Amino acid sequence: MRSILISQRLLGTREIAVFHHTDCGMLTFTTPQLRKLVKDSDPSDPSLSAVDEIDFLEFPELEQSVKDDVEYLKTNPLVLKETVVTGWIYDVTTGKVRISHTSPALPVLTDPNNADSPSSLIVKCCCMILS
């Protein structure tokens, strides 16, 4: 949210494109599994129980995750109401991008393959890139 707030309020961004990608590591585990893996790596180290405080925000289904992220941004009171929010999936095998989710009745303002488009913010699955 920090990058979105800065981009919208200081740079004039009015479109957010959420990108997730196929073969994402976030699809391969659950928080309980990862917590157990960390604690089991050294059962004699009680400090590893700190992992129990972390929610890794993994997701079991790529399409639903994109939809959830788009809806989260569209309903977040900190995101400007006129913002166009779209969801995209990048296929790491083919290199192709496809639209996955868009807010109803909102036009897509930019081409996801054109990072030079002004006033767009691209939110990647595991990182953020401002353009």
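Visitor: At 23% relative accessibility, does Phe56 count as buried, partly exposed or exposed?

Guide: The scale first: a residue is buried under 20% relative accessible area, exposed over 50% and partly exposed in between, with a 1.4 Å probe and protein chains only. Phe56, at 23%, therefore counts as partly exposed, whereas Phe29, at 19% relative accessibility, counts as buried. Before going on, note that this is a predicted model, in which local features need pLDDT of at least 70, side-chain atom pairs count only at pLDDT 80 or more, and totals for chains, interfaces and linings use all residues. Residues are numbered from 1 along each chain as its sequence is written, and side-chain values use heavy atoms, with hydrogens and water left out.

Visitor: How many helices and strands are there in the chain, and in what order do the elements run?

Guide: The elements are DSSP runs numbered from the N terminus, helices being H or I with at least four residues and strands E with at least two. In this chain there are three helices and five strands, and from the N terminus on they run α-β-α-α-β-β-β-β. Of the 131 residues, 31% count as buried.

Visitor: Which residues of helix α1 are buried?

Guide: In α1, which spans residues 2-11, the buried residues are Ser3, Ile4, Ser7 and Gln8. They lie on the same side of α1 because they cover an arc of only 120° around the axis, the arc being that of the directions from the helix axis to the C-beta atoms. On the face turned away from this buried side, α1 carries the exposed residues Arg2, Arg9 and Leu10. After α1 comes Gly12, which has a positive phi near 85°.

Visitor: Where else is phi positive, in residues other than glycine?

Guide: The general idea is that most residues other than glycine have a negative phi, and most peptide bonds are trans. Asp23, although not a glycine, has a positive phi of about 60°; Asp23 is found in the loop between β1 and α2 and is exposed, with a relative accessible area of 62%. Leu57 also has a positive value, near 55°; Leu57 belongs to the loop between α2 and α3 and counts as exposed at 61% relative accessibility.

Visitor: How do I read the pairing of β1 and β2, and in which sense do they pair?

Guide: Two strands pair if DSSP finds at least two bridges between them. Between β1 and β2 there are seven bridges, in the parallel sense, and the bridge partner of Glu15 in β2 is Val84. Strand β2 also pairs with β3 (residues 97-102), here in the antiparallel sense and over five bridges; in β3, Trp88 has Ile99 as its bridge partner, and Gly87 stands opposite His101. These two strands, β2 and β3, form a hairpin with six residues between them, and Gly95 in the turn has a positive phi of about 80°. As for cover, six of the seven residues of β2 are buried.

Visitor: How many aromatic pairs does the count come to?

Guide: Rings of Phe, Tyr and Trp (its six-membered ring) pair if their centres lie within 6.5 Å, and planes under 30 degrees apart count as stacked, over 60 as edge-to-face and the rest as tilted. By this rule the count is two aromatic pairs. Phe19 and Trp88 form a stacked pair, 6.0 Å centre to centre with 10° between the planes. Because Phe19 lies in β1 (residues 15-21) and Trp88 in β2 (residues 84-90), the pair ties together parts that are 69 residues apart in sequence. Phe19 and Trp88 are both buried. Phe29 and Phe56 form an edge-to-face pair, with 6.4 Å centre to centre and 80° between the planes. Since Phe29 lies in the loop between β1 and α2 (31-40) and Phe56 in the loop between α2 and α3 (62-75), this pair ties together parts that are 27 residues apart in sequence.

Visitor: Which backbone nitrogen lies 2.8 Å from a polar atom of the side chain of Asn76?

Guide: It is the backbone nitrogen of Leu78. Asn76 has its place in the loop between α3 and β2 and is buried, with a relative accessible area of 10%.

Visitor: How much of the contact count comes from residues 24 or more positions apart?

Guide: A contact means heavy atoms within 4.5 Å. Among the contacts in the chain with a separation of 6 or more, 65% are accounted for by residues 24 or more positions apart.

Methods
A polar contact is a pair of N or O atoms within 3.5 Å; within protein, one must be able to donate a hydrogen and the other to accept it, and residues adjacent in sequence count only if both atoms are side-chain atoms.
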